[in-house]
Amino acid sequence: MCLRALRRRVFSCRCRPVRRRYCSGRESVSEWWEQPLEALNTEQWEALCDGCARCCLHKLEDQDTGDIFFTRIRCRYLNENRCSCTRYSERTRLVPECIELTPTNSAALEWLPPTCAYRLRARGEPLPEWHPLRTGDPQSVHAAGISIRGRAISEEHVHPQGYDEHIIHWVE
Ligand code: SF4
Ligand code: SF4
């Protein structure tokens with residue numbers, strides 16, 4: 001792989017600082033998240049996010065092969081401990097590459113991490129066992145080692161020419 005052939009791409013997510021609802025155990029667990037994405041209401045759509053913040057990591061793309069490589073470099077506006085965006089309402093102005101997931105684009109975005117709930121559901125695949133909706137515990141995404149908490153570095157501290165030195169393999 002010729003590292004010089006890599007092109008930096010930044011994309012992002014909808015990891016907004018919302019209060020998520022989880023299954024309380026009293027609800028009729030109809031596993032609403034197994035419905036098609038188009039059938040979810042706004043609250044369900046928001047709750048589907050696992051809060052991993054992997055989509056706020058910078059990625060590199062091999063211009064020859066199109067392969068995507070995740071780095072541990074995160075957006076400067078991400079609160080890494082909370083794994084949420086600190087400037088959500090302004091994000092598209094501050095970070096033009098930051099795009100919003102919708103039921104129609106989440107299947108096509110190949111750069112989303114393979115664990116992303118939107119990507120999985122868009123392909124008709126089940127949520128993983130550690131997903132907070134399945135565990136009822138918002139911490140389970142961290143306990144399972146899926147979130148980026150404690151493992152990233154802000155883009156403010158990395159020279160743009162040195163991104164390739166921060167490629168990771170725990171998101172593949
Ligand atoms: S602005 Fe940054 S932290 Fe906020 S959603 Fe976009 S990429 Fe993530
Ligand atoms: S579930 Fe998807 S949209 Fe939500 S934080 Fe993780 S990668 Fe981003």
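Modeller: Start with the order of elements along the sequence: β-α-β-β-β-β-α-α-α-α-β. That makes five helices and six strands in the chain. Keep in mind that this is a predicted model.

Now the strand itself. Strand 3 covers residues 68-74. Is it enclosed or open? Five of its seven residues are buried, so the rest of the structure largely encloses strand 3. A residue counts as buried when 20 or more other C-beta atoms lie within 10 Å of its own. For the chain of 172 residues, the buried share is 33%.

Next, the partners. Strand 2, residues 57-62, runs antiparallel to strand 3, and four bridges join the two. One bridge to look for links Leu57 with Arg74 in strand 3. Strands 2 and 3 form a hairpin, with five residues between them. Find Gly66 in this hairpin: its phi is positive, near 85°.

Strand 3 also pairs with strand 6, which is residues 153-154. Here the sense is parallel, and there are two bridges. Look at Ile73, which has Ile153 of strand 6 opposite.

Finally, step back to the chain. Take the contacts between residues at least 6 apart in sequence: 71% of them join residues at least 24 apart.

To recap, strand 3 is antiparallel to strand 2 and parallel to strand 6.

Conventions
Residues are numbered from 1 along each chain as its sequence is written. Chains are lettered from A and ligands numbered from 1 in the order in which they are written. This is a predicted model: local features need pLDDT of at least 70, side-chain atom pairs count only at pLDDT 80 or more; totals for chains, interfaces and linings use all residues. A residue is buried if 20 or more other C-beta atoms lie within 10 Å of its own, exposed if 12 or fewer, and partly exposed in between; C-beta atoms are placed from the backbone. Two residues are in contact if their C-beta atoms, placed from the backbone, lie within 7 Å. Two strands pair if DSSP finds at least two bridges between them.
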